[in-house]
Amino acid sequence: MTLNPPQGKADKKMAQKVKKNNEKTKEELLEMVSDLEVEVAYLKKLDALLRQKRLEKKKSIK
């Protein structure tokens, strides 16, 4: 993976973040992926529950 030299402050931070991720072990990355999958599942369930609640509220108003 080749990176262009950082130009601004945000680019420097991003380059440092990429470097940190490259230094992580396979196990650390797999754990991170697992954590993110759990978070996505949680947020999807929360969204579904909120949609259901809005639909029920809408139906009760009619």
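Below are my entries, going from the whole chain down to single residues.

**Ground rules.** This is a predicted model, so I kept in mind that local features need pLDDT of at least 70 and side-chain atom pairs count only at pLDDT 80 or more, while totals for chains, interfaces and linings use all residues. Residues are numbered from 1 along each chain as its sequence is written, and side-chain values use heavy atoms, with hydrogens and water left out.

**Whole chain.** I found two helices and zero strands; helices (H or I, at least four residues) and strands (E, at least two) are DSSP runs, numbered from the N terminus. I looked up the accessible surface next, and it comes to about 6,400 Å², with 57% belonging to carbon and sulfur atoms. Such areas come from the Shrake-Rupley method with a 1.4 Å probe, and for residues only the protein chains shown count as cover. Of the 62 residues, 2% are buried (buried is under 20% relative accessible area, exposed over 50%, partly exposed in between).

**Helix α2.** This helix takes in residues 26-61. How many of the 36 residues in α2 are buried? The count is zero, so I noted α2 as hardly covered.

**Patches.** I noted that patches use residues with over 30% relative accessible area and no salt bridge, joining like charges within 9 Å and nonpolar side chains (Val, Leu, Ile, Met, Phe, Trp, Tyr) within 5 Å. E27, E28, E31, D35 and E39 form a negative patch on the surface; Asp and Glu count as negative, with the charge placed at CG of Asp or CD of Glu. E28 is partly exposed at 42%. Y42, L43, L46 and L50 make a nonpolar surface patch of about 380 Å². L43 sits in α2 and is partly exposed at 45%.

**Salt bridge.** I found one in the structure (a side-chain nitrogen of Lys or Arg within 4 Å of a carboxyl oxygen of Asp or Glu). D47 and R51 make a salt bridge at 3.0 Å, N to O. Both are in α2, four residues apart, which puts about one helical turn between them. An α-helix has 3.6 residues a turn, so residues three or four places apart point the same way. D47 is partly exposed, at 34%.

Note on methods
Buried < 20%, exposed > 50% of the residue type's maximum accessible area, 1.4 Å probe, protein only.
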